[in-house]
Amino acid sequence: MAPTVEGGDAALLPEFPRGPLDAYRARASFSWKELALFTEGEDMLRFKKTIFSALENDPLFARSPGADLSLEKYRELNFLRCKRIFEYDFLSVEDMFKSPLKVPALIQCLGMYDSSLAAKYLLHTLVFGSAVYSSGSERHLTYIQKIFSMEIFGCFALTELSHGSNTKAIRTTAHYDPATKEFIIHSPDFEAAKFWVGNMGKTATHAVVFAKLHVPGDQCHGLHPFIVQIRDPKTLLPMPGVMVGDMGKKLGQNGLDNGFAMFHKVRVPRQSLLNRMGDVTPEGTYVSPFKDVRQRFGVSLGGLSSGRVSILSLAVVNLKLAIAIALRFSATRRQFGPTQEEEIAVLEYPMQQCRLLPYLAAAYALDHFSKSLFLDLVELQRGHASGDCSARQAELGREIHALASAGKPLASWTAQQGIQECREACGGHGYLAMNRLGVLRDDNDPNCTYEGDNNVLLQQTSNYLLGLLAHRVQDGACFRSPLKSVDFLDAYPSILDQKFEVSSVADCLDSAVALAAYKWLVCYLLRETYQKLNQEKRSGSSDFEARNNCQVSHGRPLALAFLELTVVQRFHEHVHQPCVPPSLRAVLGRLSALYALWSLSRHAALLYRGGYFSGEQAGEVLESAVLALCSQLKDDAVALVDVIAPPDFVLDSPIGRADGELYKNLWGAVLQESKVLERASWWPEFSVNKPVIGSLKSKL
């Protein structure tokens, strides 16, 4: 077990080393320590520091600059590191229930160190483990203990070679044999091979396998999850009838072993069926507490929401790391100035501010959203575990599914765009692999695809909203949801009558202005999408064709605008709650307003097209407000980064270190990478520079 960090605030939040970043830290309008305590709480800060300290002091996690590990070695090392995380026992099962936010906190800490490690851990615990917990019953609880002791290692096998997003077309079968009381898991051909399954390539011993359940008489009851052993835990050799392997090198996250598997009439006990949504009696009769097949199918795929919420959180981690590196670089990199003798930090340039500071605000807003959505997911899973089959529970599942289905695209795309902007904002130095921005970009890239392609997922959210409006039109139903994310739509006719009436930049510097505009935008897009859908159907298009024809310019922006509104709403409420310390209200209010207005500005064309904006002034005010907020946050940028950046060992970027010694750190890292320190005796000024290089070498 890792030792817990003891001591007061000085040990928990030590001062940063003196250096070139001191000037910006001195200009901050708030105490970074106070914001860290408000944002995380003392207990969570101690938890994170315990994790980071354990990693830094463990040789297994030592950084090896310039060492290019082979694919085999990297995957082996990543598994050993994952195993060590369980040995440290940072988070027991009891702690997970007592303090659920420590679950994403642990995954974020691991993700800051290495995305592959975080992915491997969360696929085993949150995706595989949550599937067993939420889809199984009491007879499956023994697996939970084995998961956390790593007696077994798990994966989530849904996707197949020929089908991913279209889960209803999955072709793996599970035929029940009442004579032996077993299910026969079978892949009818190679196109039905389970594919892209994280952890399956080298290390998984068990899989939650989704297959179409057939009972005697060949009656099919659709997709159901089964626990299937695929390898011997002692030898890691495949089980009889299972062909399993590794898919090879990917564009990123190569510490994670994605794999494939085919099953040839593999027999598993009847109890292997995760039976919370449906079961088969020993005689072969299918029973389910859900009469609605669609509801049962939706609940059975609830594990996907866990994965999507986790991916959302990891995308935020990647954005945090990139923006921390880029802003520390920008505060110390000096180029040009009012005179030839005076150069200024590139952070002083409005162009650099508007390129980076909106992504800093996005990191804060999306981080809060990911935490709040995770707590919503915990509520849903506890309801499943208690056997809650109420209408509210079902509606909560649909709402979380809609939020997670749009949340993953928004977060992963924001991180994708933000990391690229950070890379370019750091110039040529950002292109050096050692500064980590390229790795972050590549490791974030799969977040846009796995657990559902982003563009396909957005259709889930737009369909959810369209269904609510259809219910309203046909039955006069109110817009109500357990998390209240759609309740504002109840007033959508009157909201559509509103106009943008802010005439000055000063009046626009509040996220409440963007909230009102976003509510109008979502109402407008919902009405337009609904009308477009009906128009397509009246013209003879099938429902399938009509929905596809609506997606590009209607459904997709509707889903994104709805999710952005939800993020803005939750962050606005968070930073304006009475418990916010007075000294933090201004900076948090600016972050909230910047994220809201910057996000809204990308929908300016729609706001004009729908008539909410009119004349040049509206667009000019919005643009000027974003620039003004960037200028106001410029002096707080370094302190805001200090709150979210991990220790230097974890951040692992010479240009992003907390001491701000940009050139010394980069020069020392380059010398170490090129291995010229031992061959530098020919350098005429080596004797002068030897002490500097020596100190750099010892530091590195």
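**A guided tour**

Modeller: Happy to start with Gly656: leaving aside neighbours within four places in sequence, Gly656 is in contact (heavy atoms within 4.5 Å) with Ile325, Arg328, Asp648 and Leu651. This is a predicted model, in which local features need pLDDT of at least 70 and side-chain atom pairs count only at pLDDT 80 or more, while totals for chains, interfaces and linings use all residues. Residues are numbered from 1 along each chain as its sequence is written, and side-chain values use heavy atoms, with hydrogens and water left out.

Colleague: Between which helices is Gly656 found?

Modeller: Helices (H or I, at least four residues) and strands (E, at least two) are DSSP runs, numbered from the N terminus. Gly656 has a relative accessible area of 0% and is buried; buried means under 20%, exposed over 50%, and partly exposed in between, with a 1.4 Å probe and protein chains only. Gly656 belongs to the loop between α24 (648-651) and α25 (662-674).

Colleague: How many helices and strands does the chain have, and what is its radius of gyration?

Modeller: The chain has 26 helices and 11 strands. The radius of gyration is taken over C-alpha atoms, and the globule rule is 2.2 Å times the number of residues to the power 0.38. For 700 residues, a compact globule would come near 27 Å, and the chain agrees, with 27 Å.

Colleague: What share of the residues in the chain is buried?

Modeller: For context, the C-alpha atoms fill a box of roughly 85 × 65 × 45 Å along the principal axes. Among contacts between residues at least 6 apart in sequence, 75% join residues at least 24 apart. Of the 700 residues in the chain, the buried share is 56%.

Colleague: Which cysteine has the sulfur nearest to that of Cys448?

Modeller: Cys448 is buried, with a relative accessible area of 8%. Cys448 is in no disulfide, and the nearest cysteine sulfur is 15 Å away, in Cys422.

Colleague: Is Ser481 buried or exposed, and which residues does Ser481 contact?

Modeller: Ser481 sits in the loop between α15 (454-475) and α16 (492-495). With 8% relative accessibility, Ser481 counts as buried. Beyond its neighbours within four places in sequence, Ser481 is in contact with Glu399, Tyr464, Val486 and Asp487.

Colleague: What is the relative accessible area of Asp490?

Modeller: Asp490 also has its place in the loop between α15 and α16. Leaving aside neighbours within four places in sequence, Asp490 is in contact with Arg472, Cys478, Phe479 and Arg480. Asp490 is partly exposed, and its relative accessible area is 24%.

Colleague: Which residues does Thr332 touch?

Modeller: Thr332 is found in helix α11 (residues 302-332). At 10% relative accessibility, Thr332 counts as buried. Not counting residues up to four places away in sequence, Thr332 touches Pro20, Leu21, Gly660 and Leu662.

Definitions and conventions
A disulfide is a pair of cysteine sulfur atoms within 2.5 Å.
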